[in-house]
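Here's a quick briefing for anyone opening this structure for the first time. Have a look around, then come back for a guided tour.

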Amino acid sequence: MAKVLTKRKENYSQWYNDLVIKADLAENSAVRGCMVIKPYGFSIWEKMQAALDKMFKETGHSNAYFPLFIPKSFFSREASHVEGFAKECAVVTHYRLKNDPNGKGIIVDEDAKLEEELIVRPTSETIIWNTYKGWIQSYRDLPILCNQWANVVRWEMRTRLFLRTTEFLWQEGHTAHATKNEALEETIKMLNVYSEFAEKWMALPVIKGTKTESERFAGAIDTYSIEALMQDGKALQSGTSHFLGQNFAKAFDVKFANKEGKLDYVWASSWGVSTRLMGALIMAHSDDNGLVLPPKLAPFQVVIVPIYKNAEQLKKISEAVDAIIHKLKAKGISVKYDDRDTQKPGWKFAEYELKGVPVRLALGARDLENNTIELARRDTLEKNTYPQKNIESRIETLLDDIQNNIYNKAFKFREENTYKVDTYEEFKEIINNKGGFVLAHWDGTTETEQKIKAETKATIRCILLDNEKEEGKCIYSGKPSKQRVLFAKAY
RNA sequence: CGGGGUAUAGCGUAGUCCGGUCAUCGCGCCUGCUUUGGGAGCAGGAGGUCCCAAGUUCGAAUCUUGGUACCCCGACCA
């Protein structure tokens with residue numbers, strides 16, 4: 001028992017840290033706040049990228065790439081944008097090192113000071129809108145639908161693997177439109193792409209909504225987000241889509257001639273998801289034995305472990321396994337055959353459980369005699385022996401079952417941990433003791449929101465999009481409210 | 001940036017109060033044999049700038065001073 005995880009009940013955040021390390025997903029690097037994403041973790045991210053990228057392209061977007069560095073002056077163009085990001089920017093001031101004249105190592109060459117400092121992008125609206133100015137003259141140039149896969153840097157005070165790191169990987173879409181309506185439609189369309197990805201691929205139920213003014217993206221008119229509930233009762237913002245209005249067009253003077261020949265500012269959206277989704281994936285489904293991966297995002301969906309006493313036996317087992325692998329691959333199922341003789345079967349079982357491989361097959365001498373194979377599913381930890389014949393069809397069905405089962409489990413958890421409350425006492429009781437989503441009336445003021453946050457640490461995660469209107473009274477101020485909003489403690 | 005901690009082998013640790021057979025133990029690693037259907041057993045072995053620097057002392061992982069790094073709590077965190 002070399003690698004045991006802290007139990008979720010004992011210390012949820014320790015459990016998360018243990019899991020990330022022990023499942024070989026990522027580790028802290030020599031650079032404070034920056035992580036190394038290890039091959040196994042990165043291949044999950046690649047699966048996410050591939051699925052999202054396909055969805056972006058199917059909705060008409062193209063990938064492009066913009067610079068890592070942004071001239072400092074660009075940031076001051078949009079007032080609230082700079083205010084939102086100024087405190088967490090990494091700044092490049094010099095472009096050369098030299099040998100220390102005192103003989104100790106190398107130092108920054110003060111003669112190589114930049115005329116204008118460069119900011120390492122925390123997000124790319126400014127450099128992109130500066131670029132779009134050159135691309136747009138007429139309504140015929142619109143819309144522009146670009147996405148970029150990139151790394152960004154935000155100098156956070158406290159970091160956690162995947163959930164908040166100084167450098168992280170993400171995609172950011174930046175679109176330009178001739179009309180307000182079209183930009184708004186785009187914003188909603190991409191929010192829906194995100195929620196579909198979360199639910200269909202990550203098996204993660206999410207709630208769609210708009211952010212309140214205080215939680216809004218710096219520079220946006222409206223921020224939409226998808227919110228997921230983690231197993232410890234905290235919310236994780238898993239993706240955002242912003243309606244930017246004409247804010248950035250005005251800041252970067254991007255005008256176009258419309259059909260009537262009149263000049264107008266361009267309308268914009270931007271939207272993104274990051275490696276934070278890895279954190280959501282881990283925390284939503286995993287258990288005290290390790291990671292639980294949805295089959296659609298698992299680096300390999302099936303692992304096969306041979307159990308043998310000698311080389312001759314292994315050869316026979318491998319022949320039977322090869323036939324099964326062939327049939328699985330024909331069905332598009334990814335499979336890994338682990339016939340290493342450096343690790344023992346029991347070790348491999350524990351290892352692949354820790355890594356969340358959805359289906360494990362084991363085949364030994366006993367099975368050779370009976371033409372059987374042992375099948376274990378990760379989500380329920382059930383284990384059974386079946387005939388080898390048609391095992392590929394059984395697995396094909398099973399993978400769908402697992403995908404659905406973990407979604408349903410997460411959905412049920414969210415349902416059981418979502419509360420409607422009408423008094424502040426009840427609200428505090430749930431937020432402090434149970435956690436989860438709380439639907440409550442709010443008077444719509446930032447002041448009330450801040451007071452609730454200060455007293456309970458709970459914030460308004462979003463104002464639900466598909467929420468029925470309901471008259472009520474704000475739980476804090478008692479003032480009238482038209483609908484409930486979603487509160488939770490958040491990551 | 002405030003408050004509190006920690007730094008000993010690849011990882012996790014004991015020892016620090018009270019200076020001297022004190023560098024401990026577990027995991028991991030290497031070799032051999034036996035094993036292999038849930039993280040194997042036995043035997044042997046390798047691995048150390050006790051964070052760095054200066055000081056006190058016959059003698060420092062241990063005491064003093066200064067530095068550095070990291071962790072936790074808070075503040076901050078579209």
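Which helix and strands each supply at least two residues of the lining of the largest pocket? They are helix H4 (79-85), strand E10 (167-177), strand E13 (235-245), strand E16 (267-274) and strand E24 (459-464). Keep in mind that this is a predicted model. The notes below start with that pocket, then turn to the cavity, a sheet and the cysteines.

**The largest pocket**
- The volume of the largest pocket comes to about 1,400 Å³.
- Its lining is made up of 43 residues, and Glu88, Arg154, Glu156, Arg164 and Gln237 are the ones nearest the centre.
- Where does the largest pocket lie relative to domain 1 and domain 3? It lies between them, because domain 1 (12-91 + 125-285) and domain 3 (418-488) both give residues to the lining.

**The cavity**
- If you want to find it, look for Tyr194, Phe197, Ala198, Met202, Ile226, Ser238, Val273 and Leu277, which line the largest cavity.
- Helix H6 (residues 180-200) gives the largest share of that lining, with three residues.
- The lining of the largest cavity splits into seven nonpolar residues, one polar and no charged.

**An open sheet**
- Eleven strands form an open sheet with mixed pairing, in the order E3-E9-E10-E16-E13-E12-E11-E24-E27-E23-E22.
- Strand E3 (62-63) and strand E22 (418-420) sit at the edges, each with a single partner strand, so one side of each has no neighbour in the sheet.
- E22 and strand E23 (residues 437-441) run parallel and are joined by three bridges.
- Across that pair, Lys420 is opposite Leu439 in E23.

**The cysteines**
- How many disulfides turn up in a search of the whole structure? The search finds zero.
- Take Cys34: it's in no disulfide, and the nearest cysteine sulfur, that of Cys89, is 15 Å away.
- Cys34 has a relative accessible area of 12%, so it's buried.
- Cys146 counts as buried too, because its relative accessibility is 10%.

Terms used:
Residues numbered from 1 in each chain as written. Chains lettered and ligands numbered in written order. Predicted model: local features only at pLDDT ≥ 70, side-chain atom pairs only at ≥ 80, totals over all residues. Heavy atoms only, no water. Disulfide = S-S within 2.5 Å. Buried < 20%, exposed > 50% of the residue type's maximum accessible area, 1.4 Å probe, protein only. 1 Å grid on protein atoms, 1.4 Å probe; cavity = no way out; pocket = protein on both sides within 12 Å on 5 of 7 lines; lining within 4 Å. Points joined across faces, edges and corners; volume = space filled by probe spheres on them. Helix = DSSP H or I, 4+ residues; strand = E, 2+ residues; numbered from the N terminus. Domains from an automatic or database assignment. Pairing = 2+ DSSP bridges. Nonpolar A, V, L, I, M, F, W, Y, C, P; charged D, E, K, R; others polar.
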